[in-house]
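Please keep the sequence and the structure in view while reading.

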Amino acid sequence: MTIRLTAGRMMAILLFFSLLTGCVRQESSEKVRVVASIEPLAWFVERIGGERVSVSVMVPAGGDPHSYEPTPKQMAGLASADLFVKAGSGVEFELNWIPRMLELNRGLRICDASTGVRLLPMGEHEADGDGHHHEGGPDPHFWLSPANARLIAVNIEQSLVAADPANRDLYAANRLRLDGELRALTAELAGRLGAVRNRKFIVFHPAWGYFARDFGLEQIAVEREGKSLTPVQMASVIQTARDQGIRTVFVSPQFSSAQAESIARDIGGRTVQIDPLSRDYGNNLRHAAESFVRELR
Ligand SMILES: [Zn+2]
């Protein structure tokens, strides 16, 4: 009897508090307006910010962050943004446009998602072009490593707390939960990819260097500086594929794959699409891992 009464009282208290928080939320219902430069970063903002944030993305799905130019509407929209999340790893779109964004919006708060990440140099297969498109800089595609993803989450949490300190506990709890998921994802992918025998793969755009490092694979990239390969370079890639028994050329939706198709034909193989810029980060890495397991065997 006493216990029932206490339980009833507990329910009343819980109800009271949930009503109370409902009221508080309505009073400060203004969401934190976040602009992310690329789709995967928006996923982290959504996971950590939850209902407290509204997120838009500069480089649209299917767009190429190495050459994208924001629309005038996007540039104007930054005036009402509370936070801009950049990759910070040398993506050309950011190098070209963030100085202009800051010129127009002096107070714009910027989160560098790659703070604390050890950026890798471009692999030797990519760096030997004349004036490669990631010229002199590091490999910018650090987000495709789930180990790096844990740092992205920390950086975004810190920036959201700075922009909206009242909700720091919510951001901390969401980030902690995401961290657990990312650790589980890393273990899951390591398990799946551990069984792959042929660990070298050919990919058109060199986006998977960090992923390869994390899981003991070796990326051989076709594209150099976003340019078509010379016949000599084509022949060299085809020879490598034959030497290594590689039958698959991985391509991404953002880049023309005519040359990749041609290489695939020459080695009697095929092209398979994996996306370095999908918004659905966790499932996308799972999908990529499945493709590697299936194609590399
Ligand atoms: Zn890229």
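Two residues are in contact if their C-beta atoms, placed from the backbone, lie within 7 Å. Among contacts in the chain between residues at least 6 apart in sequence, 66% join residues at least 24 apart. The model is a predicted one, in which local features need pLDDT of at least 70 and side-chain atom pairs count only at pLDDT 80 or more, while totals for chains, interfaces and linings use all residues. Residue numbers start from 1 along each chain as its sequence is written.

**Confidence**

**Overall make-up**

- The secondary structure comprises 11 helices and 8 strands; helices (H or I, at least four residues) and strands (E, at least two) are DSSP runs, numbered from the N terminus.
- Of the 297 residues of the chain, 39% count as buried; a residue is buried if 20 or more other C-beta atoms lie within 10 Å of its own, exposed if 12 or fewer, and partly exposed in between, with C-beta atoms placed from the backbone.

**The sheet β2-β1-β3-β4**

- In this open sheet, 4 strands follow the order β2-β1-β3-β4 with parallel pairing; two strands pair if DSSP finds at least two bridges between them.
- The edges are taken by β2 (53-57) and β4 (110-112), each with a single partner strand, so one side of each has no neighbour in the sheet.
- The twist from one strand to the next averages 25 degrees; axes are lines fitted to C-alpha atoms, for helices over the stretch in contact, and angles run from 0 to 180 degrees between N-to-C directions.
- Strand β3 (residues 83-86) pairs with β4 in the parallel sense over 3 bridges, and Phe-84 stands opposite Ile-110 in β4.
- Helix α2 (residues 39-49) lies across β1 (32-36), β2 and β3, and runs at about 180 degrees to β2.

**The sheet β6-β5-β7-β8**

- Another open sheet has 4 strands in the order β6-β5-β7-β8, and its pairing is parallel.
- The edge strands β6 (218-221) and β8 (270-273) each pair on one side only.
- The twist here averages 40 degrees from one strand to the next.
- Strand β5 (residues 200-203) runs parallel to β6 and is joined to β6 by 4 bridges, whereas 2 bridges join β5 to β7.
- Ile-202 has Ile-220 as its bridge partner in β6 and stands opposite Val-249 in β7.
- Strand β7 (residues 248-251) pairs with β8 over 4 bridges in the parallel sense, with Thr-248 opposite Arg-270 in β8.

- Helix α6 (residues 146-163) has 18 residues and reaches 26 Å from its first C-alpha to its last, close to the 26 Å expected at 1.5 Å a residue; the expected span is 1.5 Å times one less than the number of residues.
- The buried residues of α6 include Ile-152, Ala-153, Ile-156 and Leu-160.
- Leu-178 is found in helix α7 (residues 168-193) and counts as buried because it has 23 C-beta neighbours inside 10 Å.
- Leaving aside neighbours within four places in sequence, Leu-178 is in contact with Arg-47, Ile-48 and Ala-153.
- Leu-178 and Ala-153 are 25 residues apart along the chain, and their C-alpha atoms are separated by 7.8 Å.
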